[in-house]
Amino acid sequence: MTNKKSNYNLVVQEFKNHIGKNLSFLSGGRFLIACSGGLDSIVLVHLCDKINLHFGIAHCNFNLRGAESDQDEEFVKKMAHQVESEFFVKHFNTEAYSKSNQVSIQMAARELRYTWFKQLAQEFQFDYVLTAHHADDNLETFLINLSRGTGIEGLTGIPETNELLVRPLLPFSRKDIEKFAKENALTWREDSSNSSIKYLRNKLRHHVIPELRSVNPQFLQNFETTLTYLKQSSEFITNQTLRAKKELFEFLDDDSIKIPIHRLREYGNPKTFLYMLLKEYNFKAWDDIEKVLLAQSGKQIFSETHRLVKDRDYLLLSPVAEEISNRTYTILEEERMLMIPSGTLIFRDVDEISEIDLKTIYVDKEKLKYPLTVRKWKEGDYFYPLGMKGKKKLSKYFKDEKLSLLAKERVWLLCSGKEIIWIIKYRADNRFKITPQTKQLLKITIT
């Protein structure tokens with residue numbers, strides 16, 4: 001009896017020390033514990049209660065196991081009452097969500113619960129949500145990522161903190177947790193689906209990991225050591241990548257990033273280096289991205305969120321813009337302001353010409369036909385460049401100005417009828433210029 005009591009106090013003290021050293025923000029915070037009623041989450045609730053932390057309990061009923069799911073809910077509700085914690089429960093139609101979103105049941109449950117946790121945290125002002133992931137979960141996640149193919153970031157395990165989520169049991173193994181629960185007569189619910197090997201995680205848990213431990217009883221401890229080295233390596237690579245981005249990335253006014261190809265080649269191993277630079281932009285076709293370096297100007301690679309374009313001696317990285325190429329804006333004579341994607345146009349009647357720059361033009365107002373329009377340029381457009389004789393196709397003008405493909409796509413035109421008044425931010429049209437005969441001056445500015 002004395003030995004059990006001593007072991008109990010030892011584990012509680014070890015948990016308390018871990019919180020104090022690594023997760024001290026929990027001591028004064030307000031947080032939720034995600035509790036399924038299973039072994040791990042029950043032990044987490046018990047330990048947090050014993051060291052006098054203040055928490056609520058959130059339980060998800062996924063309605064996947066009939067009466068068993070309802071019994072889990074009642075069990076957790078009763079326990080929340082015993083530890084005098086707030087209790088929150090949510091019922092989900094997990095199967096319907098799985099079908100409508102075309103994801104697995106496990107993925108559906110994951111998306112549903114974490115979305116709800118975020119909603120609870122916002123509505124009831126909880127600082128964090130604690131989950132009962134432990135060292136064995138870390139190993140299982142590592143093996144899953146390894147089997148699917150991943151970069152080093154997929155081999156660094158489950159993060160102990162990740163924005164809203166905190167996992168204070170990661171230093172403890174499943175064996176430690178189960179031993180603690182049994183020695184202290186804790187009760188918990190067994191999820192029958194955990195014994196099914198149709199899920200990859202369960203196959204690893206019941207078959208692969210026991211074999212690894214039979215080969216080396218210290219396998220889990222050695223894995224934790226390896227994980228530490230991998231995290232250190234990942235941190236080093238991340239720091240080097242950030243340093244390279246500072247040297248290579250030139251951030252342009254149009255929200256695109258300009259990357260010199262000759263500087264990229266200086267780093268060597270271009271495929272790996274491009275992966276580290278561009279992975280956060282959701283690209284996947286890494287073989288194609290490497291080939292872009294040698295491709296003709298204009299070659300493009302798309303991700304779900306970004307586009308990479310070869311533009312002469314540079315790569316241009318930009319967000320995938322919303323489809324606005326066919327949109328036309330109009331402005332009446334009495335209106336003084338118009339918001340467009342590239343800024344705000346401001347129209348002012350003035351008595352004289354003052355400052356002139358690429359964002360400001362002056363026109364003869366009597367030559368305008370209202371309503372004015374703002375639209376994207378198209379093939380065949382031409383204008384009469386201010387200060388020049390004759391007309392010029394916009395495509396030829398853009399070529400002479402050496403505009404990149406991205407820059408050309410972002411060009412907007414201010415028009416009077418079918419005539420171009422201004423290639424906004426670039427060049428005004430000669431037909432609307434101020435002359436000695438001008439009586440009404442209109443100043444147009446883009447901010």
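In what sense do strand β8 (residues 257-260) and strand β11 (residues 314-319) pair, and over how many bridges? The pairing is antiparallel and runs over four bridges.

The legends below describe a predicted model, in which local features need pLDDT of at least 70 and side-chain atom pairs count only at pLDDT 80 or more, while totals for chains, interfaces and linings use all residues. Residues are numbered from 1 along each chain as its sequence is written, and side-chain values use heavy atoms, with hydrogens and water left out.

**View 1. The open sheet containing β8 and β11.** Five strands form an open sheet in the order β7-β8-β11-β10-β9, with antiparallel pairing. The edges are β7 (250-251) and β9 (300-302), each of which pairs on one side only. Within the sheet, isoleucine 257 stands opposite leucine 317 of β11. Two strands are said to pair if DSSP finds at least two bridges between them. Strands (E, at least two residues) and helices (H or I, at least four residues) are DSSP runs, numbered from the N terminus. Strands of a sheet pair through backbone hydrogen bonds, either parallel or antiparallel.

View 2. Buried denotes under 20% relative accessible area, exposed over 50% and partly exposed in between, with a 1.4 Å probe and protein chains only. Leu441, Lys443 and Thr445 point one way from β22, whereas Leu442, Ile444 and Ile446 point the other way. In a regular strand the side chains alternate between the two faces of the sheet. Strand β14 (residues 343-350) pairs with β22 in the antiparallel sense over six bridges, and aspartate 349 has leucine 442 of β22 as its bridge partner. Strand β15 (residues 360-364) also pairs with β22 in the antiparallel sense, over five bridges; here aspartate 364 stands opposite leucine 441.

**View 3. The crossing of helices α9 and α11.** The axes of α9 (residues 219-248) and α11 (residues 270-278) come within 10 Å and cross at roughly 85°. Axes are lines fitted to C-alpha atoms, for helices over the stretch in contact, and angles run from 0 to 180 degrees between N-to-C directions. The two helices are therefore roughly perpendicular to each other, a term that covers 65 to 115 degrees; angles under 35 degrees count as roughly parallel, over 145 as roughly antiparallel and the rest as oblique. Ile237, Thr241, Ala244, Lys245 and Leu248 of α9 meet Phe273, Met276 and Leu277 of α11. These residues divide into six nonpolar, one polar and one charged. Contact means heavy atoms within 4.5 Å.

**View 4. Serine 234 in helix α9.** Serine 234 is found in α9 and counts as buried at 15% relative accessibility. Residues up to four places away in sequence not being counted, serine 234 touches Ile152 and Thr156.

**View 5. Leucine 32 in strand β1.** Leucine 32 lies in β1 (residues 31-34) and is buried, at 0% relative accessibility. Its contacts beyond four places in sequence include Gly56, Phe88, Leu120 and Tyr128.

View 6. The structure holds zero disulfides, a disulfide being a pair of cysteine sulfur atoms within 2.5 Å. The sulfur of cysteine 35 is 10 Å from the closest cysteine sulfur, that of cysteine 60, too far for a bond. For cysteine 48, the closest cysteine sulfur is in cysteine 35, at 11 Å, again too far for a bond. Cysteine 35 is buried, with a relative accessible area of 2%, and cysteine 48 is buried, with 0%.

Key: Nonpolar A, V, L, I, M, F, W, Y, C, P; charged D, E, K, R; others polar.
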